[in-house]
Amino acid sequence: MTTARKQLVSPDVTSYYHCVSRCVRRSFLCGEDAVTQKSYEHRRDWIVQKIYALSSVYCIDICAYAIMSNHYHLVVNINKDRAFTLSAHEVVARWGQLHKLPHLIHRWMNSELTSESETEKCFEIIEQWRGRLWNLSWYMKGLNFDIACRANREDKCTGHFWESRFKSQALLDEKALAAAMIYVDLNPIRAGIADTPETSDYTSVKARIDALKQPLSTAPCLHPFIGNPTNAMQEEFSEDTHLKYALIVVNRLPVNRLKQLLSLQIWIKANMHK
């Protein structure tokens, strides 16, 4: 029996989750069609751009992502606290970027309400939207629904684009978070479609490496973690791609420890080409 999402996702237990969505029948609907030789690679960019767009609305931070040919991975942080710092007007502004606002809300925004019951109803609606802004299911629904509709319009067909509802795994501690982020970022390398993190298109690690060259503290729309590499550290690891990746991963974690860096270096060197 399918487990209710509210039993799988609990921000009170952990705010970090690894999510996966697969195309129907695991077909390469975002890659190269082996039969027709038609390329759907551009859809991978659709997904990246939609992830970024939704992240500017929802209080869901993107820690890592990898868009593959027939599925994608997301590591997210549910930022419930940020949602509750938003004013009522900020909640309405965010929700209005993606949804049509009721006439009653427009009247509230224009100070045209005439009764206390109308005001109470408005705030009831706004608080419902506030809850949705940190709801992982609403975020994933917005992402998958939009991509499915665009793909079906392009293919001139109807029906399911995604295999099922998204899968989610709770990341209960820093080790689980680090392991999930490494797994996601190295997915293209393990699949044999990229040789290094720098050439892994449609991944968060490539976006962070590009940002590091700017230099920026983090890539646009990606969750910034405590700790940034110093110039000396960047120079030390600039000659070794794998160690540079380890440096980036460690500085994406909530803490920055040399022991973590060393263990990641050993792990990456031992497993990169397995």
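The following legends describe close-up views of a predicted model.

**View 1. The four-stranded sheet.** The strands of this open sheet are ordered β2-β3-β1-β4 and pair in antiparallel fashion. Its edges are formed by β2 and β4 (167–170), each of which pairs on one side only. On average, and with direction ignored, neighbouring strands are turned by 20 degrees against each other.

View 2. β2 and β3 make up a hairpin, with three residues between them. The antiparallel strands β2 and β3 are joined by seven bridges, and L74 in β3 is the bridge partner of Y65. Strand β1 (residues 16–22) is likewise antiparallel to β3, to which seven bridges join it. Here L74 in β3 is the bridge partner of C19. As for burial, eight of the eight residues of β2 are buried, so that this strand is mostly covered.

**View 3. Helix α2 against the sheet.** α2 packs on the sheet and touches β2 and β3. The direction of α2 makes about 175 degrees with that of β2. Because ten of its 14 residues are buried, α2 is largely enclosed by the rest of the structure. Among the buried residues are R43, R44, W46, I47 and K50. The elements that cover the buried residues of α2 include β2 (60–67), β3 (71–78), α7 and α10 (204–212).

**View 4. The largest nonpolar core.** This core has 52 residues, and those with the most contacts inside it are I47, I51, Y65, L74, L136, Y139 and L143. Helix α7 (residues 136–155) gives the most to the core, contributing seven residues. A second, separate core has ten residues, including Y16, A66, L171 and M181.

**View 5. Surroundings of Y65.** Neighbours within four places in sequence are left aside in this view. The contacts of Y65 include V48 and Y52, both of which are among the buried residues of α2. Y65 is also in contact with H73, L74, V184, D185, Y202, T203, S204, A207 and L222.

**View 6. Buried cysteines C23 and C63.** C23 has a relative accessibility of 0% and therefore counts as buried. C63 is buried as well, its relative accessible area being 0%. With a limit of 2.5 Å between cysteine sulfur atoms, the count of disulfides comes to zero.

How values were computed:
Residues are numbered from 1 along each chain as its sequence is written. This is a predicted model: local features need pLDDT of at least 70, side-chain atom pairs count only at pLDDT 80 or more; totals for chains, interfaces and linings use all residues. Side-chain values use heavy atoms; hydrogens and water are left out. Buried means under 20% relative accessible area, exposed over 50%, partly exposed in between (1.4 Å probe, protein chains only). A nonpolar core is a set of buried Ala, Val, Leu, Ile, Met, Phe, Trp, Tyr and Cys residues joined through side-chain atoms within 4.5 Å. Helices (H or I, at least four residues) and strands (E, at least two) are DSSP runs, numbered from the N terminus. Contact means heavy atoms within 4.5 Å. Two strands pair if DSSP finds at least two bridges between them. Axes are lines fitted to C-alpha atoms, for helices over the stretch in contact, and angles run from 0 to 180 degrees between N-to-C directions.
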